[in-house]
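Here are my notes for your first look at this structure. Keep the picture open beside you and find each residue as we come to it.

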Amino acid sequence: MPTPSMEDYIEQIYILIEEKGYARVSDIAEALSVHPSSVTKMVQKLDKDEYLVYEKYRGFVLTAKGKKIGKRLVYRHELLEQLLNIIGVKDENIYHDVEGIEHHLSWDSIDRIGDLVQFFEEDHTRIDALKEIQKQNESED
Ligand SMILES: [Mn+2]
């Protein structure tokens, strides 16, 4: 299992490859706000653990294993953003909060959150009912 830090790298590399077709050390460093030397170090570890390989001219390429986990990590991030959005968390807090919690939930919890998001999405009166409760709670503060 990748560590939280490895997960951040795999997630960002997956996104960069999806968007640009390749991931360079400088792009990864910028996306994660870290020093390029940290990227080089981590990429060596990810290579050793078979999440990616370095290919001359193409840069880093995710292996099948790296792609599979990368896809799940991106799904997890997006799902948690969706959840926080549905429950009324302010936009400015969403990204940072998701970055803080995403590595600390089991896939069991992620799947149950998937059910919950579906529960709200299938019937928006459920979101309205939640907003009603929030309104009541705010007026009690
Ligand atoms: Mn993330």
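1. Let us start with Glu102, which is buried, with a relative accessible area of 0%. Please keep in mind that this is a predicted model. Buried here stands for under 20% relative accessible area, so Glu102 with its 0% falls in that class.

2. What are the protein donors of the manganese ion? Glu102 is one of them, giving two OE atoms, and Glu11 also gives two OE atoms.

3. As for the geometry, the site has six donor atoms with angles of 49 to 143° among them, and it is irregular.

4. Now look at Glu99, which sits in helix α5, residues 91-101. If we set aside residues up to four places away in sequence, Glu99 touches Asp8, Glu11 and His77.

5. The UniProt record is worth a look here. An unreviewed entry lists Asp8, Glu99, Glu102 and His103 under "binding site". These residues span 96 residues in sequence, yet no two of their C-alpha atoms are more than 9.7 Å apart, so they gather at one spot. Asp8 itself belongs to helix α1, residues 4-20. Beyond its neighbours within four places in sequence, Asp8 is in contact with Leu32, Glu99, Glu102 and His103.

6. Next, follow α1 to its partner, helix α3, residues 36-48. Two packed helices are described by the angle between their axes and the distance between the axes. The axes of α1 and α3 come within 11 Å and cross at roughly 95°, and the two helices are therefore roughly perpendicular to each other. On the α1 side, the residues that meet α3 are Ser5, Met6, Tyr9, Ile10 and Ile13. Their counterparts in α3 are Ser38, Val39, Met42, Lys45 and Leu46.

7. The unreviewed UniProt entry also lists residues 1-63 as "domain: HTH dtxR-type". Over residues 1-63 the chain is 60% helix and 13% strand. The end C-alpha atoms of this stretch are 15 Å apart.

8. Another helix pair is α6, residues 107-122, with α7, residues 124-140. Their axes are 4 Å apart and the packing angle is about 100°, so α6 and α7 are roughly perpendicular to each other. Phe119, Phe120, Glu121 and Glu122 of α6 make the contact with His124, Arg126, Ile127 and Leu130 of α7. Also in α6 is Asp115, which counts as partly exposed at 38% relative accessibility. From Asp115 to Ile127 there are 12 residues in sequence and 14 Å in space, C-alpha to C-alpha.

9. Finally, check two backbone angles. Most residues other than glycine have a negative phi. Ser33, in the loop between α2 (25-32) and α3, has a positive phi near 50°. Glu50, in the loop between α3 and β1 (52-55), has a positive phi near 65°. Ser33 is exposed, with a relative accessible area of 66%, and Glu50 is exposed with 53%.

Key: Residues are numbered from 1 along each chain as its sequence is written. This is a predicted model: local features need pLDDT of at least 70, side-chain atom pairs count only at pLDDT 80 or more; totals for chains, interfaces and linings use all residues. Side-chain values use heavy atoms; hydrogens and water are left out. UniProt positions are given in the numbering used here, feature names are shortened, and annotations may be inferred rather than shown by experiment. Contact means heavy atoms within 4.5 Å. Donors are N, O and S atoms within 2.8 Å of the metal (3.2 Å for Na, K and Ca); water is not among the atoms, so sites may look incomplete. Four donors count as tetrahedral if all angles lie between 85 and 135 degrees; four count as square planar and six as octahedral if opposite donors are over 155 degrees apart and all others between 65 and 115; anything else is irregular. Buried means under 20% relative accessible area, exposed over 50%, partly exposed in between (1.4 Å probe, protein chains only). Axes are lines fitted to C-alpha atoms, for helices over the stretch in contact, and angles run from 0 to 180 degrees between N-to-C directions. Angles under 35 degrees count as roughly parallel, over 145 as roughly antiparallel, 65 to 115 as roughly perpendicular and the rest as oblique.
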